[in-house]
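This report concerns a single protein chain. Its sequence and model are shown below.

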Amino acid sequence: MKALYETTVVNTGGRTGEVHSLDNIFNLDVATPPALGGEATTATTATNPEQLFAAGYSACFNSALEFMLKKHNVEIKSSEVKATVQLLPDKADQGVKIGVALEAHIEGLDLETAKKYVDLAHSYCPYSKAISGNVDVTVEVV
C-alpha cells in the first residue's frame, strides 16, 4: 500500500536530548519533566514525549472531527480538542504505560449532535485506531 504521507523524526538523548525532522523544520529540545525527576529550569524550555503525543493526537483527532463534519455537510463555528496524556504505572510488568483523556468541544452544535460526530471522529482518527486496545482512552464532549 502506498503511503499518503510520511515523515521522519530523529531523537538523540532520550528524555534529555532533542528531536528533529530530517529537513530540520521541526527541532525541539526534550527534557524530563520535574514530576519525573527532571530539573525545572530545563523542563520549562523543552518538551517531553507525553506533550508531543498529546499535540499529535489532539491535532489528528480534531482533523478527523472536522473531516466528519464536512463529510456530513455540518457547518460549525469552531472545534477544539484537548488531549491529556498521563504516564501511569503498569502493574502487568512493573513498568509504565500511557493513558489519554480527550475533551472535544464543537461551537455551534448541541451536545447530543456533537457526541455523534466525536464518536465518528474517534472511529476514523488514525491515532485512535493505532492505540485501540493498547491505551486507555476516554472521550468527553463538553
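## Basis of the model

The model is predicted; local features require pLDDT of at least 70 and side-chain atom pairs pLDDT 80 or more, while totals for chains, interfaces and linings use all residues. Residues are numbered from 1 along each chain as its sequence is written, and side-chain values rest on heavy atoms, with hydrogens and water left out.

## Overall architecture

The chain contains 4 helices and 6 strands, where helices (H or I, at least four residues) and strands (E, at least two) are DSSP runs numbered from the N terminus. Along the sequence these elements follow the pattern β-β-β-α-α-β-β-α-α-β.

The C-alpha atoms occupy a box of roughly 45 × 40 × 35 Å along the principal axes. Of the 142 residues, 32% count as buried; buried denotes under 20% relative accessible area, exposed over 50%, and partly exposed the range in between (1.4 Å probe, protein chains only). Contacts are defined by heavy atoms within 4.5 Å. Among those between residues at least 6 apart in sequence, 46% join residues at least 24 apart.

## The three-stranded sheet

An open sheet of 3 strands is ordered S4-S5-S6, with mixed pairing; two strands pair if DSSP finds at least two bridges between them. Strand S4 (78-90) and S6 form the edges, each pairing on one side only. Neighbouring strands are turned by 15° against each other on average, direction ignored.

S4 and S5 run antiparallel and are joined by 13 bridges. Threonine 84 stands opposite alanine 101 in S5. Helix H2 packs on the sheet, touching S4, S5 and S6, and its direction makes about 140° with that of S4. Helix H3 also packs on the sheet, where it touches S5 and S6 and makes about 150° with the direction of S6. Axes are lines fitted to C-alpha atoms, for helices over the stretch in contact, and angles run from 0 to 180 degrees between N-to-C directions.

## Helix H3

H3 (residues 111-124) has 14 residues and spans 20 Å from its first C-alpha to its last, close to the 20 Å expected at 1.5 Å a residue; the expected span is 1.5 Å times one less than the number of residues. The buried residues of H3 are Ala114, Tyr117, Val118 and Ala121. Viewed down the helix axis, they fall within an arc of 105°, and therefore line one face of H3; the arc is taken from the directions from the axis to the C-beta atoms.

These buried residues pack against helix H2 (49-71), strand S5 (95-107) and strand S6 (136-141). The face turned away from the buried side carries the exposed residues Glu112 and Ser123.
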